[in-house]
Structure formats: C-alpha cells, structure tokens
Amino acid sequence: MDYFGLYNYWIVIFLMMTGFYIVISRDNLIKKLIGLNIFQTSVFLLFITMGKVKGGTAPIINHHFDTYSNPLPHVLILTAIVVGVATMAVGLSLVVRINEAYHTIEEDDIHLVEEEP
Amino acid sequence: MELILDMASWILIVVGSVFCVIGAVGLLRMPDFYSRIHASGITDTLGAGCILGGLLLQSGLTLVSVKVAFLLFFALIASPTAAHALAKAAYLTGEKPLTRRGKSA
Amino acid sequence: MKRHSVLRVVAKLFLPYILLFALYVQFHGDFGPGGGFQAGVIFAAAFILYALIFGLRTAHKVASADLLRILMAAGLLLYASVGIVTMLKGGAYLDYNFLRHDPVHGQHLGILLVELGVGVTVAAVMVTIFFGFADRKNR
Amino acid sequence: MYAVAIVSVLATMFLAVSRAFAGPTVFDRILAVNTFGTATVLFISVYVFMGGRPDFLDLALVYALLNFIGTIAVLKFLQFGNLAVGGEDEGGLDS
Amino acid sequence: MTFVIDILLLAMLAATAITITRLRSLFAAAMLTGVYSFLSACWMTALDAVDVAFTEAAVGAGISTVIMLAALALTTREEKRPKHSRILPLFVVCATGAVLIYGTLDMPRFGDPAAPVHQTVAPRYLQSYEETHIPNVVTSVLASFRGYDTLGETAVVFTAGIGVMLLLVRSKRLKQDRKSKNNESEEPAQDNPKKKDPKNHIAENCIL
Amino acid sequence: MIRENLPALQVVIPLMAAPICILFKNGRAAYGIALAATLFAFGAAISLLTQVLGVGPISYELGGWAAPWGIEYRVDYLSGFVLVLVSGMGVVVQLFSPASIKREIDEEKHYLFHCAFLLCLTGLLGIVITGDAFNVFVFLEISALSSYILISLGKHRRALTSAYQYLIMGTIGSTFILIGIGLLYMMTGTLNMADIAARIGPVATTRTVLAAFAFFTVGVSIKMALFPLHLWLPNAYAYAPSVVTAFLAATATKVAVYVLIRFTFTIFGEHFAFEETPVATLLMPLALIGIVVASSIAIFQKSVKRMLAYSSVAQIGYIVLGVSFVSVTGLTGGIVHLFNHALMKGGLFLAVACVVLRIGSDRIDDFAGLGRRMPVTMFAFVVAGLSMIGVPLTVGFISKWFLIQAAIEKGWWPVAALVLLSSLLAVAYIWRVVEIAYFRKPPEGEDRITEAPVSMLLPMGALILATIFFGLNTEATAGVARQAAEYLMGAVR
C-alpha cells in the first residue's frame, strides 16, 4: 500500500496534536487559548487539504482553466474560522474578568485563592 | 521591446531574490538588534522592491499592475515606518546598541 | 504616540486606501477572493489602526458604543430579513431567485445584500471587541 | 524563474522565522516577524503569478496591511503596556 | 515544485508550533501565533483556498493577535513554570493522534481527483456559474447554496459581540461606582464566611 | 404561507428577535420581544409535531436548493418531540425569569441577557431541526457560545472560572465533532445526513469512518457530560444564574444526547455503530458507572445546585443506557427519559431558584425550616424529587419502567437491578434536602422569608403538574417516543 500520499495529513495531525497538548497540559489560561487556536487552525488545514485536486486551481471560474479544487471545504472552513475567532474573543474576555477577580491567570493559583476562606 | 521588458523583469526578480536572502541571512547572523534592523531593511525594501518591480513589469497595464504598484508603494513606505518605530521603541525602552568592546553597554 | 509623527503621517496616508480596499473586497467578492466577512475584518482593522495611533477617545467619537450596537444588530437583521422577503415573495427561506423576476439577477441582489449584512455585523462586532478590551484599563 | 524567486523567498521566511524563535529580545522577535510578513507578501505575490492567476494579489495586499497594523499594535503594547493609552488626546505621554 | 513548497511550509509550521509549546513568554507566543496563521494562510493559498487564506490572514494574523495583545495588556506577560507532570496529557494526546493516524490509512490520497469529495456534491457547485453567473464559486456556495450556514456564522459573530459587551463593557453608572469605591467591587467580601450575605453564599461551599 | 415555511420560521424568529432586543436597549422591551419569540417557537414546534404525527416526516429546503446541495431541514418524530421540549422549556423559563434575574443580574444588562438567551434557544432549536451535518456544528457553536456567556453572568466569581472551563472543554468537544464531520465528509463527499447515510454503506468498514465515529462520539460525550467527561458541568450549573441553570439543565445536555442519537442511528446506522465498533461495550458500562458514581457524589454535596448538577450527570447515564440497549424499548426509554428528565430537573432547578430568590443561598443547611415558610416551593421540590427517584404516578417511574423492561428483554438482569438500586441513591440525596427543609428548625431571625411571588410559582407549578400529568397519561410521551424509536430503528440498512 502506498502511504506516501498521506504525508501532509500526518504533519497536519502532528500540528493538531501539538495544539491539543498545549490546551490540556498548560495551567496558564491564555496559553490554553493559544493552544486552542493552534488546534483549530490545524483542523482547518485538514479540511483544506482534502479539498485540493492535483493540477487544479482556485475555484474562481476563469476560462483559461478547467480543473478546479473543491470549493465546499473552503466554505465550511470560512464558517469555522469565524466560529474560532468568536470563541477566542469570548474566552479572552473571560480571562480578563478572571484576572480582575482573582489577580492571577494560573489555574493552580486560582485554586489556591479559592481555598482561602 | 517585449523582450527587453521581459529580461528586465527577470533580472529584477532574480536580483530581488538574492537581496531577500542576503537580508535574511544578515537578520540571523548580525550580532545585535540595531544591526539586524539594517539587514531586515534590505529584505523589506530592496528585496521586496525588486521582486515587486519585476512582477510589475510582468503584468503589463492592467488592474493587476495597479495592485502590484500599490504593494510596491506599501512596501516602500510601511516597512521603513515600522522599522523606524521599532528602533525608536527599542531605544526608548533601554535597548543599548553594541559598542566596540563587543558587549552591550 | 504624540511624538511619533512619522507613524501618524503614514497612517493618515494609508487609512483612506485601506477603507477603499475594504469596500473593494466587499463588493468584488463575487469575482475574486473576498466577501462580507473579510471586508468587515479589514474595515475593523483600519479602525483599529486609527484608534491605535490617534487614541481611543478620538476613535470613540467616530464610532460610539450605541452606533456599534445598532450596526451589529442591523447587519444580522438585514441578512435574516432577506430570507423573510424571499419568503413573502413565495419562495423558500433565503431563496434569492424570488427577489427579482429573473433568477440570475435575484441571486446577484441576494448575495450582495447578504454579504453587506455580514460585513456590517462583522465590522461592528470586531470594533466592539477591540474597544471592549482596550477600554478596560485595570490600573 | 518564478521557482528561483519562490525558493529564495521561502528561504527568507525560514531564516526570519528562526530569528523569531531565537529572540533573544522582544524587539528581535518583532523585527523578525515583520520581515517574515514581508516575505509572506512576496511569497503570495510570486505564487499567484506562478499559478497564472495574478488577480489574487488582493491577498498579498491584505497581508501587507495586516503586517503593518500588527507591528504597530505590538509596538504600542510594548511601549505603554496597554493598547488604550497614548493617543493624541492623552497629552503628556511622551513617546 | 509544489512538493518543495509543501514540505518547507509544513516544516516551518511544525517548528512554529513546537516553539510555541516551549516558550513561556506569552507575548512571544501570541506573536508566533500570528506567524502560525500567516504560514497556514500561505499553505492554504498553495492549496488553492484563496478565500480561506484571505480570511485566515485577516483573522488569525490581524484581529486575533490584536485582541490577544489587548488581553495580555490587561493580565500578564509571563507564564509561570508549570508544576504538574505532563505524562497524562501526553498520553491523551498520543492516543488521540494515534486514532487519527489510524483513520488516515484508508483515506483517499492527497490531491486524488477520484476521491469521493470531488465526485459527489462539488461538480454541481462548479457548474453553478451557468445559473448564477458568479465566477467565485466559494462566494456563491457560501451565500446562496449554503447561505443558511452563513446566517448561522453571522449569528456566532453577533453572539461573540454580545458576550464581550456583557463581560467587558462597563456601563457609565458602574464606572462612577468603581471610581468611588476603587477596587472594592472586584473582590466579593469574603472576610466573614458565616455572614449571611446573600450574594456570596450562592453555592459557595463545594468540593472541587 | 406561514404553514409551509414553519420549519424555517421555527429557528429564524428567535434568531431575528435577538438583534431586535439589542436595538431597544431596554430590559422590559427586550423581555417582551423575547417572550413573544419564545412563545411563537413553542407554538411552531407543537404545530410541527402534530403535522409530523399526521403526515410523517417533513422536509424543507432552505434557499430553494435541493437536498444534497443546499441545506435541508428535516422534522421527524424525534426532532419534533425534542423541538417541543426545548421551546416549551424556553417558555416556562422565560415566564419564570423576571423576578429571578432582577435579583441576580445587573439591571442594565437585562436586555443583553434576553438576547443571549434567545441566541441559546436559537442554537438549540437549530441543532434539533437541521438535516445537515455541518449545520449542526454551526448551531452547536451558537448555543455553546451563548451558554458560556450566560453562565459567566453568575454573581459569584467562580461563575467566571467555570464558564472558562466549560468554554475550553466545550470547544474541544465541538472541534472533535468538526473532525468527525470532516472525516465523514471525506469518505462520502456529502454533508446532508440522509445522503451520508445512503452513501456510507460501501465505506462503512474503512478505518477513516471508524475514526470519524470515534471522534464524533467523544465530542458529543463532552457536550452531553457523559460520565468521565462531565467535569465542566457541576461548576457551570452551580454558579450560573438560577434561571440559566434551569434552562441549560433542561435543554442543553438533552440536545447533545439528541445529536448522539441522530448521528448514530440515522447516519451511521445502529448496525455499524453498535456491532462493528466497540461503542456498545463502552457506552453501557460508562453509563452505568456514571449513574452510580455521580449519584454517590451528589449525596455528599453541600450545595443543592451542585447536588442536582451531579444528579444530572447520573440522569444522562440513564438516557445513554437506554440508547445503548439498541432495542425499540430501550430507545423509547431513553427518549422518554430525555423528556421526563427535562421536566423534573427543570422543576427542581426552578424550585431552587425560588429559594435562592428568597434566602439568597443554595446551601443545604440554609434550607432549614423552608418546608413551612415556602410550602408551595418545597412541595414542588418534593414532587419533582419523587419523580427523580422514580415513584409511580410520576414521570420518573415511566422512564425507569421502560429501561428495566429493555434490560429484561435482553436478559441483562444485573443492569435492571443496578437501575433499581441507583434509585436508592436518588432517595438518599433528595431525602437530605427534604429532611432539612421539613424537620430542622430554621435559624433565628429568619422570619421574614415568605413564599416566592406568584409569577414564579405559576410556571414552576405548571412544570410540576406536567410531571404528574405525563406520569398518568403515558400515551402522549411514551407513544411519540415509541414512534420515534421505531422510526429510528426502522431506518436500518
């Protein structure tokens, strides 16, 4: 079986997992959001990769070309990018409020503050 | 005429590419921040300028060339401005240039 | 940035072109890359540049919180009401073919309106988000 | 010929991004990211010409624009620690 | 040529992602996130997704970076050294990655025009130029065929706007309140846990 | 014309009401608009359900584009049923809310609150009604984002941290769902649910579809707080404003369960989902462990909201248990419990909201003496609690009856026994509250506490009456649920 045609899926999966790792291993609330951003961006890359047709061009009709890449993943990802930035904005504003309430944005310290009477 | 334009554009593109790499090498190899700014200036203006100029010659007189011209204009104004602001900010924040003794004073 | 005269001159030079470019992206989305969302973001970016260089208070004079709130709602409403109009004209929700007598023109008009709605909402929301963060000085 | 340009631009991106990784000061990173942005603009411009669809230059324009705005925002942040202060109206704040 | 571009861009993406993981300066991490967005936008252009590259650059490198910087300005710039062991997260990530890699094995190969993705729905979209006369297929799919998704997308953006207004925008009255009380309003009075202050006792006692 | 376009209007009217709320910047006007839109949604849902029961599933093509190319709305028995549930709970909570949010949320943020509430409702309705896999993701995000915002409005500062935690876990969950949808799309080339189901046959055994199913299931499990992935739920429910807790507890997790049922049965088909993959062997034990562990944790909580939140995790276990039987009876039990649990959990949380309004606390110890001071509220609490335990004549009994029947059908006696035993745990945690409320003397100086206002008691009373009514008259719920289950199981390929 020829697995060579999958190399960029694998790299994209590596990127996704790097982002995911940041999200679940870090304590800093902003770092988590950064990780989430990388995770999501890499998922977008996965979608875009599947839309590519060899020898194709961007799906904007032009009479010099007749092979186009698949437009549907692009449409989906446009929507998903917007969702990503919306989540990011809400998450960051939550972090700002948390910082005002606890004076820290480290998860451990928040637990410590919480345990104080 | 066509041929001359074409040749000129290719020459510009190749020269621009070389300048880009030179600038980037300088950015990586120069010893301190202020000298690195000089190096990045090569990429930002000379490299970008030459490549975009070459593309401008390639594109003829269309909407595309207007866009390239605008990019050129942008590259020639925005990048130096950013570099200027950056150097100023660095200097005011207390970043000291490398002196002759070889260490940041 | 009082003394950053270079920055201010350059920003003043660029701002009109950026806004023009945003409009180009907004209305040229049918033919090239771009569309409402991208245009909205570029518009907001131009506004953010303005606020960064000329100060927040000046920027607030250009776009007050109330204006942003209304624009934000208006864009979404515009989008949704295009659907209602097609419905009233006898089509399904968002079936632009019914907007005009000719389906092709209907599609064009529908997409134009819808993209406009997206652009307005996105620009207003992005500027609101920026103001939300930038206004909140905690010291 | 475009290939030469693409490869050298990619090399530029690579070198610039290495400087951004290495630092050591924040300003080095900003400078590197700025140069990286310029290289990206060049990459897109050359790439769309190579693909035969130069009408996508809008992309390069957006990149150039955002690169500029991003650098300004970062600088402002560094200088004042806040995006809010330091405008025309806030007298007394000497850059 | 495409292969070289692919490999170089992907290598840079991976290097950026790893560096972000290792950096503790949040400021640098935010900037490198911008770089990451630029890089992925470049790769998207190389994969013919110009519209997406446009958006990703505008959002990822522009707006996201700016709001992240704004949030950093209100919080802190350094991340503390983490204290926990990283074994469990690493295990979870490896397991997830393994499932994904396993999933790729039966995938159609990269760029294969015979893949089901390119066979079923997409050809109809590419022919839509005849009906709509809109050359940018992405726009016509986005705004017409799947226009309802885009309405949802706009609603998501709107929701984010509402969220920021609710969370961050202070009203005028509250501002004056804060000025007079300074910092008191931010910290709920917790000095006396026995006190029957209704606001602070809602579900205060809990086990985490 | 309204009748033909009802499926679209069902979602669009609340969606359009949200920006209109914002335009006015006035709490009362916003409330009026929100209430009107919610009432309309409820009416539309009932009308859709009756249509479906009469003529069978309805399909609606948005934008006039035929199904695999455009987005299709599809109302069948199950989605009609869940639509009624979600919009009905929306109406009850809206009617209940004014007095409660007046106490818990700043006056000038009320219009934003109503707007966010409408968006949340829109998202939930959109998820349920759509027949397009990606559209599910979009509406999932609308509802998720608005629920993070709603949760963060709680007075206590931990509302912020729990909203943040929910945001992180919820986003991971929805990104997993996105990956799952992407992989499915990659193998079938289409996004319409019915179309995917038709095309998945030849590729069903590929490793890619297996991975898609795995990611999808994990993502949805995070969203619905299935046992080991429930960590976000207790805090989120405990610190959110009371009405928000009531609404989310009654609807959000239920809709996630709906998504699970929809994808496993309609898209993947239960043959694939439960025989080709180890899902069944994994879901059932998780559900059972979840029921026992979460109920046990609930017993030791000091805050009533947290106790009920853990109880919610346990109840999700019951619903998933019903699904994992893969039989018509089991599925009926799951769907009925989905409805019933929404009723009784909604009732319980509304009762707690009344208490919070009057005494400002939800600690169990502070409930002392409430049996006498707030008799109606506590009576409602007791009835809903009895239903939670599964006492005959209440809805809780019906769902447990179906679940046990399904277990016996399969011959899995231990499961049946465990379901019965877990009721004892429910008795334990409900009894703690009842004991304190009725048999412990109130602390001195708390004589001022009076019954909650009628505007709150009426909606709550309606819910409690519903728990009894649907407990006596099983045809309405169990009948529809059985029809839905048969329809889903009939969609076997």
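**Nonpolar patch and aromatic pairs**

Guide: In this predicted model, helix α18 (residues 413-439) of chain F gives the most to the nonpolar patch, with six residues. The patch, of about 660 Å², is made by Val292(F), Leu418(F), Leu421(F), Leu424(F), Val427(F), Trp431(F) and Phe439(F).

Visitor: Why does Phe439(F) count as exposed?

Guide: Phe439(F), in helix α18 of chain F, has 61% relative accessibility. Exposed means over 50%, so Phe439(F) counts as exposed.

Visitor: What makes the pair of Phe33(B) and Tyr34(B) edge-to-face?

Guide: The count of aromatic pairs over all chains comes to 44. For Phe33(B) and Tyr34(B), the ring centres are 5.2 Å apart and the planes stand at 70 degrees. Centres within 6.5 Å make a pair, and planes over 60 degrees apart make it edge-to-face, so both conditions hold for Phe33(B) and Tyr34(B).

Visitor: Why are Phe33(B) and Tyr34(B) called buried?

Guide: The relative accessibility is 1% for Phe33(B) and 16% for Tyr34(B). Buried means under 20%, so Phe33(B) and Tyr34(B) are both buried.

Visitor: What makes the pair of Phe33(B) and Phe27(D) tilted?

Guide: Their planes are 50 degrees apart, with 5.8 Å from centre to centre. Stacked needs under 30 degrees and edge-to-face over 60, so the pair of Phe33(B) and Phe27(D) is tilted. The pair crosses between chains, from helix α2 (residues 33-59) of chain B to helix α2 (residues 26-50) of chain D.

Visitor: How do you know that Arg157(F) lies over the face of Tyr102(A)?

Guide: Arg157(F) is at 4.5 Å from the ring centre of Tyr102(A). The distance limit is 6 Å, so 4.5 Å meets it.

How values were computed:
Residues are numbered from 1 along each chain as its sequence is written. Chains are lettered from A and ligands numbered from 1 in the order in which they are written. This is a predicted model: local features need pLDDT of at least 70, side-chain atom pairs count only at pLDDT 80 or more; totals for chains, interfaces and linings use all residues. Side-chain values use heavy atoms; hydrogens and water are left out. Patches are made of residues with over 30% relative accessible area and no salt bridge: like charges are joined within 9 Å, nonpolar side chains (Val, Leu, Ile, Met, Phe, Trp, Tyr) within 5 Å. Accessible areas come from the Shrake-Rupley method with a 1.4 Å probe; for residues, only the protein chains shown count as cover. A salt bridge is a side-chain nitrogen of Lys or Arg within 4 Å of a carboxyl oxygen of Asp or Glu. Helices (H or I, at least four residues) and strands (E, at least two) are DSSP runs, numbered from the N terminus. Buried means under 20% relative accessible area, exposed over 50%, partly exposed in between (1.4 Å probe, protein chains only). Rings of Phe, Tyr and Trp (its six-membered ring) pair if their centres lie within 6.5 Å; planes under 30 degrees apart count as stacked, over 60 as edge-to-face and the rest as tilted. A charge sits over a ring if NZ of Lys or CZ of Arg is within 6 Å of the ring centre and within 35 degrees of the ring normal.
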